[in-house]
Amino acid sequence: IEAPMGTPVVGVAAGKVIFAKVLRGYGRLMIIDHGQKYYTLYAPLARFNKQVGDATAAGEVIGHSGYEGRDALYFEVRKGGKPLDPTDWLKKR
């Protein structure tokens, strides 16, 4: 997803941060657990607004894009360990 450096990144649904640190190949990666084995991944983030253990609300700013000057955001939805098409999660509700 195109995201100029410093773009606020919002969580797509309520959940709890279970991972927030640098991971090789992703940069600063945040993973949010939404329950029922659904997870969303956001990377590379220039900074985190939430830390592991923090609750998140749908539409809340969880971080900002631009880690190491990158101008794109990686977004993934998983159920268990299986990647899903994220289209439905990105629609306005």
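## The pair Arg70 and Glu68

In this predicted model, Arg70 forms a salt bridge with Glu68, and their closest N and O atoms are 3.6 Å apart; a salt bridge here is a side-chain nitrogen of Lys or Arg within 4 Å of a carboxyl oxygen of Asp or Glu. Arg70 has a relative accessibility of 36% and therefore counts as partly exposed, while Glu68, with a relative accessible area of 62%, is exposed. In these terms, buried means under 20% relative accessible area, exposed means over 50%, and partly exposed lies in between, with a 1.4 Å probe and protein chains only.

## The other salt bridges

The structure holds 3 salt bridges. In one of them, Glu60 is paired with Lys50, with 2.9 Å between the closest N and O atoms. Glu60 lies in the loop between strand E6 (55-56) and strand E7 (61-65), and Lys50 in the loop between strand E5 (45-48) and E6, so this pair ties together parts that are 10 residues apart in sequence. Strands (E) are DSSP runs of at least two residues, numbered from the N terminus. Glu60 counts as partly exposed at 25% relative accessibility, whereas Lys50, at 14%, counts as buried.

Glu76 forms a salt bridge with Arg78, and here the closest N and O atoms are 2.2 Å apart. Glu76 is buried, with a relative accessible area of 8%, whereas Arg78 is partly exposed at 25%.

Residues are numbered from 1 along each chain as its sequence is written, and side-chain values use heavy atoms, with hydrogens and water left out. Because the model is predicted, local features need pLDDT of at least 70 and side-chain atom pairs count only at pLDDT 80 or more, while totals for chains, interfaces and linings use all residues.

Conventions. Helix = DSSP H or I, 4+ residues; strand = E, 2+ residues; numbered from the N terminus.
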